[in-house]
Amino acid sequence: LRDNRIELVRASWHELSISVSDVSLSDEGQYTCSLFTMPVKTSKAFLTVLGVPEKPQITGFTSPVMEGERMQLTCKTSGSKPAADIRWFKNDKEVKDVKYLKEEDANRKTFTVSSTMDFLADRNDDGAVVSCRVDHESLNSTPQIAMQVLEIHYTPLVKIISSNSWPEEGQSIILTCESKGKPV
């Protein structure tokens with residue numbers, strides 16, 4: 001092997017060791033060690049190189065969204081080998097009803113995976129944190145996460161609150177008009 005990244009680590013009568021730095025996907029394949037005796041003895045091993053997924057990105061959110069509008073958020077990551085796993089969470093609770101798409105990258109070795117979460121905007125989701133989590137064996141149990149805070153606008157609900165439920169003649173009463181909407 002003629003490559004500056006490959007270095008001879010140890011050469012003795014009993015052992016021959018090499019190290020490969022800055023490993024790339026093209027380093028994947030079968031490696032053979034030969035012992036030039038009579039007859040020649042060989043040992044083979046197949047090296048699998050994992051493709052590390054890129055940091056995920058969430059697209060499709062325009063701020064603010066009106067209550068009742070349909071929202072479609074897409075999370076995408078490229079370069080994983082094998083294909084990475086994508087999961088969605090809303091305020092740390094997993095969202096299960098999502099679409100998953102896997103496509104081969106241009107190099108035909110790694111994958112771009114994307115997942116779409118489709119839902120109707122609701123006032124209870126205002127300020128909610130939506131996160132997309134990418135899990136892959138190359139990440140050593142430390143997932144990559146992208147987050148998006150939702151901003152939902154909604155029409156106000158109005159109510160009148162009385163300081164006394166059953167006022168008597170001659171008493172004073174305070175009526176408070178209370179409104180909750182976004183924007184205020």
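User: In this predicted model, which residue forms a salt bridge with Lys96?
Analyst: The model is predicted. In the salt bridge of Lys96, the closest N and O atoms are 3.7 Å apart, and a salt bridge requires such atoms to lie within 4 Å. The partner of Lys96 is Glu94.

User: Is Lys96 buried or exposed?
Analyst: The relative accessible area of Lys96 is 66%. Exposed means over 50%. Lys96 is therefore exposed.

User: How does Glu94 count: buried, partly exposed or exposed?
Analyst: Glu94 has a relative accessible area of 27%. Buried would need a value under 20%, and exposed a value over 50%. Glu94 is therefore partly exposed.

User: Which residues are joined into one network with Glu94 and Lys96?
Analyst: The network is made by salt bridges that share partners. Besides Glu94 and Lys96, its members are Arg87, Arg133 and Asp135.

User: How many salt bridges does the structure hold?
Analyst: The pair of Lys96 and Glu94 forms a salt bridge, and so does the pair of Glu28 and Lys81, at 2.5 Å from N to O. For the structure, the number of salt bridges is 14.

User: How many residues apart are Glu28 and Lys81, the pair that links distant parts of the chain?
Analyst: The side chains of Glu28 and Lys81 meet in a salt bridge. Glu28 sits in the loop between β2 and β3 (29-35), and Lys81 in the loop between β7 (70-80) and β8 (85-90).

User: Which parts does the salt bridge of Asp125 and Lys90 tie together?
Analyst: The closest N and O atoms of Asp125 and Lys90 are 3.3 Å apart. The two residues are 35 residues apart in sequence, so their pair ties together the loop between β11 (111-120) and β12, which holds Asp125, and strand β8, which holds Lys90.

User: Which of these two, at 12% and 22% relative accessibility, counts as buried?
Analyst: Lys90 is at 22% relative accessibility and counts as partly exposed. Asp125 is at 12%, and the limit for buried is under 20%. The buried residue is therefore Asp125.

User: Which residues outside its sequence neighbourhood is Ser138 in contact with?
Analyst: Ser138 lies in the loop between β12 (129-135) and β13 (144-149), and Ser138 is buried at a relative accessible area of 17%. A polar contact of 2.8 Å joins its side chain to that of His136. Leaving aside neighbours within four places in sequence, the contacts of Ser138 are Leu50, Gly51, Val52 and Pro53.

User: What percentage of residues 56-148 is strand?
Analyst: The UniProt annotation for this span, from an unreviewed entry, reads "domain: Ig-like". The end C-alpha atoms of the span lie 12 Å apart, and its helix content is 0%. Its strand content is 58%.

User: What accessible area does the nonpolar surface patch of Leu8, Leu16 and Ile18 have?
Analyst: One of its residues, Leu16, is in strand β2 (residues 16-20). Leu16 is exposed, with a relative accessible area of 57%. Together, the three residues Leu8, Leu16 and Ile18 have about 310 Å².

Key. Residues numbered from 1 in each chain as written. Predicted model: local features only at pLDDT ≥ 70, side-chain atom pairs only at ≥ 80, totals over all residues. Heavy atoms only, no water. UniProt positions renumbered as here; feature names shortened; annotations may be inferred. Helix = DSSP H or I, 4+ residues; strand = E, 2+ residues; numbered from the N terminus. Buried < 20%, exposed > 50% of the residue type's maximum accessible area, 1.4 Å probe, protein only. Polar contact = N/O pair within 3.5 Å; in protein donor to acceptor, adjacent residues only side chain to side chain. Contact = heavy atoms within 4.5 Å. Patch = residues over 30% accessible without salt bridge, like charges linked within 9 Å, V, L, I, M, F, W, Y side chains within 5 Å. Areas by Shrake-Rupley, 256 points an atom, 1.4 Å probe, with all protein chains shown as cover.
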